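Please look at the sequence and the structure together, and keep both in view while reading the paragraphs below.

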Amino acid sequence: MAVSTGNNDMAVAERTQSEAQRRKQILDAARTVFEDKGYESATISDIVRKAGIAQGTFYLYFESKKDVVVELAQKPMADMAVRVQAILDGTESLEDILRKFVPLGFVVGKENPDLCRLMHMSSENTGVIRDMEAHSEVSALIVQMFQRFMGSGEMVPMNPAVAADMFRIIMTGAMQMAFATDPQPAPLEEIEASTLKVVLGAFVSRPA
């Protein structure tokens, strides 16, 4: 006689949902603690206290504070990828695309100022986040963008992969200046406008 697996399937589903909720609970608590105390001063004890869980529970989901930051960073990076893809799906010129792309980075930063600050402030996280950005879907889209316009003559001749790395470094520096530097060296609008000038000057080919 066949044994019904309905109850087992329901138990697995409930456990999976519970685990997802617990992970989100830890991430939400960590985000609040990091914003209140700063990454360096925040401790795992602070996070579990805010989340209302045992310290051992934290380690079922994350190995360290750094792992929490990496997971928190994934959402704005994923959001950015979706929006960049929408820009690239059109038939606009490279200059027109960059005039949308650069402000988009600042829009995502303004939507997630605490995460942007967290991603670009902590020295311990810098290398990890840099590696994430370098291998992210957004980076792949940037390479494709530069490859696409290299043949049309709209772009300054250079290796598309090198160009993508340069673009990412410019944008990362701008995000750090805009969201992770205290005091902020200039108004956000000025930093954004200056970043756009640098990007256009670096990558858009102009008639001789």
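Predicted model: local features only at pLDDT ≥ 70, side-chain atom pairs only at ≥ 80, totals over all residues.

Two packed helices are described by the angle between their axes and the distance between the axes. Helix α5 covers residues 94-111 and helix α9 covers residues 160-179, and their axes come within 11 Å while crossing at roughly 40°. Angles under 35 degrees count as roughly parallel and those from 65 to 115 as roughly perpendicular, and α5 and α9 are therefore oblique to each other. The crossing of these two helices, α5 and α9, is right-handed.

Which residues in α5 meet residues in α9? On the side of α5 they are L98, F101, V102, G105, F106, G109 and K110, and on the side of α9 they are F167, M171, A174, M175, A178 and F179. Sorted by kind, the residues of this contact of α5 with α9 divide into 10 nonpolar, 2 polar and 1 charged.

The aromatic rings come next. A pair of aromatic rings is described by the distance of the centres and the angle of the planes. A search of the whole structure finds 7 aromatic pairs. In the pair of F58 and Y59, the ring centres lie 5.3 Å apart and the planes stand at 80°, so this pair is edge-to-face. F58 counts as buried because its relative accessibility is 0%, whereas Y59, at 43% relative accessibility, counts as partly exposed.

Ring pairs also link F101, F146, F167 and F203 into a cluster, and two members of that cluster, F101 in α5 and F167 in α9, are among the residues in the contact of these helices.

How values were computed: Residues numbered from 1 in each chain as written. Heavy atoms only, no water. Axes fitted to C-alpha atoms, helices over the stretch in contact; angles between N-to-C directions. Helix = DSSP H or I, 4+ residues; strand = E, 2+ residues; numbered from the N terminus. Parallel < 35°, antiparallel > 145°, perpendicular 65-115°, else oblique. Left-handed = near helix turned anticlockwise from the far one by under 90°. Contact = heavy atoms within 4.5 Å. Nonpolar A, V, L, I, M, F, W, Y, C, P; charged D, E, K, R; others polar. Phe/Tyr/Trp six-rings, centres within 6.5 Å; stacked < 30°, edge-to-face > 60°. Buried < 20%, exposed > 50% of the residue type's maximum accessible area, 1.4 Å probe, protein only.
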